[in-house]
Amino acid sequence: MRLHTSPASPFGRKVAVVLHETGLWPRVERRDASLSPIAPDAAVCAANPLGKIPCLELDDGSALYDSRVICEYLDGLHPGPKLFPADGPSRFAALRLQALADGMLDTAVGLRYETFLRPEPLRWTDWIAAQKLKLTRALDRLEQECEGFAQRIDIGTLAIACALGYLDFRFADDRWRDGRPRLAAFEAKIAERPSLAATRPG
Ligand code: BEZ
């Protein structure tokens, strides 16, 4: 299998964390793509018409994307404890948390493009403010519900750890920990896992 990814991509990090947690890295060749929203990578586009990473090329020549599909596929390849609960309320709790984390990342990556790549005269301040508010709401909700997250290792809690890690990486000045002691404690605890320590960006 060949993984198109990038060290700075938080979605690529989520897949890398799953590869660590499941012990599957030795079966995967890693390829770091060089791309931006306006400069796609030809090899990524050949495998994924959306031109997005992460993208996992399988040995039969087919390709999987996005990170959610890749992570669930990988979770089916190992005999250890599953990161995607098989069924019932715990499955949907994990999937919902992953959706929240991925939504936070879509928002944060969009903000990064808007504030870093987009020429200053073209920036849309109302849009930037609305995206920041979305992140604030998500972080406040997580502060309310994160009790016990550190004891629950699944795709949901790992994805939240990746989302918080990306905020630290690209938006450290926004100080998401301020006023959110429970979420900060969860992040400090889960960040000790070798899978997250080995993939920390920056
Ligand atoms: C970043 O540099 O923040 C980034 C890189 C790849 C994908 C998304 C974000």
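Residues are numbered from 1 along each chain as its sequence is written, and side-chain values use heavy atoms, with hydrogens and water left out. Because the model is predicted, local features need pLDDT of at least 70 and side-chain atom pairs count only at pLDDT 80 or more, whereas totals for chains, interfaces and linings use all residues.

The shell around the ligand consists of Ala8, Ser9, Pro10, Val109, Arg112, Tyr113, Tyr166 and Arg170, where a residue is near a molecule if one of its heavy atoms lies within 4 Å of it. Two elements give two or more residues to this shell, helix H4 (88-117) and helix H6 (155-170), and H4 supplies the largest share, three residues; helices are DSSP runs (H or I, at least four residues) and strands likewise (E, at least two), numbered from the N terminus. Domain 1 (2-75) and domain 2 (88-198) both contribute residues to the shell, so the ligand lies between them, the domain bounds coming from an automatic or database domain assignment.

As for the backbone, the peptide bond from Ile53 to Pro54 is cis, with omega near -5 degrees, and Pro54 is placed in the loop between helix H2 (42-47) and strand S3 (55-57). The peptide bond from Tyr65 to Asp66 is also cis, with omega near 0 degrees, and Asp66 belongs to the loop between strand S4 (63-64) and helix H3 (67-75).
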